[in-house]
Amino acid sequence: MSSDSAIIDSALVGEGKPFRDIFAKGKVRDVYLLDSSALLFIATDRISAYDVILSNGIPQKGSLLTSLSAFWFAYLSRQIPGLKTHLISIGLPPSVRDQLEANRAEQLSQRSMVVRKLEMFPLESIVRGYITGSAWKEYQTSGTVHGISIRPGMKESERFDQAIWTPSTKAEVGDKDENISPAQAAALVGKGYAAKIEKLSLQLYETAHAYALERGIIIADTKFEFAKDENGEVVVADEVLTPDSSRFWPLDKYEPGRSQESYDKQYLRDWLTKSGLKGKDGVNMPEEIVEGTRRRYEDVSRLLT
C-alpha cells in the first residue's frame, strides 16, 4: 500500500464516502470521527524523525505499528489490573468497511483501530531505562537528564539505577516537542494527574521491559500518551511500545560505553545526521534506507509477538 496519505483520504473522505472530512492528521496517523464517543485511527506508512515527516514512507509500517500496539494493549491489560486503554477494537467498523471496495477495505483494516474519543493530556510521557540520545547529551553537559540530577560516572547506554520519567510537551504537526522537567509537567497538567501519569508510565515500562528482555530485546526508552475519560480517570492512548515510539536494542549485542544497534528508527536518524539532513523538510529516503528501516520494524515485531 502506498505511503501517500492522500490515497487513504480518497478512499474515506468525500461525497458519498464514509466521512465528510478528516478529523485530525498527526505525523503518522489519520483520524476520523465515527460518532460522538469514538474515533477511527488509521496508521499510515508515513515516518517522522526529529519532528519532521519524510517525503516517502515505509511500506506496511502502518500495519506493523497497529498489530504491535494491539499486542501490547492486550498484554499490558492482562498484567496490570485495572489498566484503562482507549482501544475499542482492531480493524474497520462494519459501517465503514461496507462502503469500500473489498481490496481497499482489507488494506485499511490491517492498519485501523477504533478508539474512545477522550481528552488528551498535552504531554509525551517518556520513560528512560538507559542513558542514550538526548539524555546522554544533556548528561555530558550538565550531569542532569531533563533537569534531574543523575549520579556521576555513567557510560553511554548504561542502565539507570531505576527508570526515570522525563516528559516533554506534545507539539502540533510541524512544531518541535520540548523536553520539560517533572515539575513543569505538574504545572502543565496538575500535580495529581502528573503523579498518576508518572506512576503508570513507569509501571508500563517495567512490565514491558521485563517481557522484552526474555525475548532478547532491551527497551531502552519509550513514549506513552495518556487521556482523561469521562470519570477523570487516566487512560493509555495512542500507540504503545512500537519502533516509532521506543528504542529497541538487541540484548546479545548490548555493550555500555557506546551507541547501540537498534530495531527502531534510530537507523533512519543516524542516516539523516550523517547526510546533513537532520531536521530538514522535503527529504526523500533512498531505497536502501527505506528497506533497512522496514526490516528493523519487522524484526522487532516478530521477536516480541
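**Close-up 1. Strand β3 meets strand β7 in the antiparallel sense.** In this predicted model, β3 (residues 38-43) and β7 pair over five bridges; two strands count as paired if DSSP finds at least two bridges between them. Strands here are DSSP runs of E with at least two residues, helices are runs of H or I with at least four, and both are numbered from the N terminus. L40 has V114 of β7 as its bridge partner. Residue numbers start from 1 along each chain as its sequence is written. The model being predicted, local features need pLDDT of at least 70 and side-chain atom pairs count only at pLDDT 80 or more, while totals for chains, interfaces and linings use all residues; side-chain values use heavy atoms, leaving out hydrogens and water.

**Close-up 2. β7 and β6 sit side by side in an open sheet.** The five strands run in the order β1-β2-β3-β7-β6, with antiparallel pairing. At the edges are β1 (24-25) and β6 (87-90), each pairing on one side only. Three bridges join β6 to β7 (residues 112-116), again in the antiparallel sense. Look for L87 with its bridge partner V115, and for I90 with M113. Four of the five residues of β7 are buried, leaving the strand mostly covered; buried means under 20% relative accessible area, exposed over 50%, and partly exposed in between, with a 1.4 Å probe and protein chains only.

**Close-up 3. Strand β16 is enclosed.** Five of the five residues of β16 (residues 246-250) are buried, so the strand is largely enclosed by the rest of the structure. In a regular strand the side chains alternate between the two faces of the sheet. Here S246, F248 and P250 point one way, R247 and W249 the other way, and all are buried. The antiparallel partner shown is β14 (residues 217-228), which pairs with β16 over five bridges. One of the bridge pairs to find is I217 with P250.

**Close-up 4. Helix α2 crosses helix α7.** The axes of α2 (residues 61-79) and α7 come within 11 Å and cross at roughly 105°; axes are lines fitted to C-alpha atoms, for helices over the stretch in contact, and angles run from 0 to 180 degrees between N-to-C directions. The two helices are therefore roughly perpendicular, a label for angles of 65 to 115 degrees, with under 35 counted as roughly parallel, over 145 as roughly antiparallel and the rest as oblique. F71, W72, Y75, L76 and Q79 of α2 meet L204, T207, A208 and Y211 of α7, contact meaning heavy atoms within 4.5 Å. These residues divide into seven nonpolar, two polar and no charged; Ala, Val, Leu, Ile, Met, Phe, Trp, Tyr, Cys and Pro count as nonpolar, Asp, Glu, Lys and Arg as charged, and the others, Gly among them, as polar. In α2, 14 of the 19 residues are buried, so this helix is largely enclosed by the rest of the structure. The buried residues of α7 include L204, T207, A208 and Y211.

**Close-up 5. Helices α8 and α9 run roughly antiparallel.** The axes of α8 (residues 266-274) and α9 (residues 287-304) come within 9 Å and cross at roughly 155°. Y267, L268 and W271 of α8 make the contact with E288, I289, G292, T293 and R296 of α9. The contact residues divide into four nonpolar, two polar and two charged.
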